[in-house]
Amino acid sequence: MSQGIFGLIDFNGDIESPNDLISKMGAFLQRDGNNIGKVSYVFDNHYILGMKRTNDGTPYQQQEIAQSGDFEGFGMIHGEIHNYQNLLKDYLPKDTRCQGDLDLILHLYPRYGLQFARKLNGLFSLAILDQ
């Protein structure tokens, strides 16, 4: 099954027909013929971000692009973070609400900057749009 992330950033804010582009990029991830999972996306006049991720039964794998509550931005991920539980316990305050691996990343990024990535263990690709 096709899964992954896609995106486009235009710093001039001149993306023409973003819905058409989303449709074409999303169709690529759906072309394997099965309807497992859906394409999640966000867009503005200067960016398009999209992802398709199916859950393999792991309860903390989020399937939709997440918006940060800690900074103005979005994140998306594909793959698996193996040390998710340890990161929750070791690097976030106990009262932090965290709904999954992507949410975890969006909490770690503003606290540790780009160095947060050194704490992650797994096989994944991710993108953060920090406006």
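## Talking through a predicted fold

Tutor: Let's start with charge: the protein chain carries 11 positive and 16 negative side chains, and the centres of the two sets lie 8 Å apart. Keep in mind that this is a predicted model.

Student: Thanks! In what order do the helices and strands of the protein chain run from the N terminus on?

Tutor: Good place to begin. The protein chain has three helices and six strands. Read from the N terminus on, these elements follow the order β-α-β-β-β-β-α-α-β.

Student: Which residue in strand 3 is the bridge partner of Phe43?

Tutor: Picture the hairpin that strand 2 and strand 3 form, with three residues between them. Strand 2 covers residues 39–43 and strand 3 covers residues 47–52; the two run antiparallel and are joined by five bridges. In strand 3, the partner of Phe43 is Ile48.

Student: Which strands stand at the edges of the open sheet of three strands?

Tutor: The order in this open sheet is 4-5-6, with antiparallel pairing. Two of the strands each have a single partner strand, so one side of each is left without a neighbour in the sheet. Those edge strands are strand 4 (66–67) and strand 6 (122–130).

Student: And which residue in strand 6 is the bridge partner of Ile81?

Tutor: Strand 5, residues 73–81, runs antiparallel to strand 6, and nine bridges join them. Strands of a sheet pair through backbone hydrogen bonds, either parallel or antiparallel. For Ile81, the bridge partner in strand 6 is Gly122.

Student: Is Ile65 buried or exposed?

Tutor: Find Ile65 in the loop between strand 3 and strand 4. Buried means under 20% relative accessible area. Ile65 has 12%, so Ile65 is buried.

Student: How many Å apart in space are Ile65 and Asp103?

Tutor: In sequence, Ile65 and Asp103 are 38 residues apart. From C-alpha to C-alpha, their separation in space is 9.5 Å.

Terms used. Residues are numbered from 1 along each chain as its sequence is written. This is a predicted model: local features need pLDDT of at least 70, side-chain atom pairs count only at pLDDT 80 or more; totals for chains, interfaces and linings use all residues. Side-chain values use heavy atoms; hydrogens and water are left out. Two strands pair if DSSP finds at least two bridges between them. Helices (H or I, at least four residues) and strands (E, at least two) are DSSP runs, numbered from the N terminus. Lys and Arg count as positive and Asp and Glu as negative; His and the chain ends are not counted. The place of a charge is taken as NZ of Lys, CZ of Arg, CG of Asp or CD of Glu. Buried means under 20% relative accessible area, exposed over 50%, partly exposed in between (1.4 Å probe, protein chains only).
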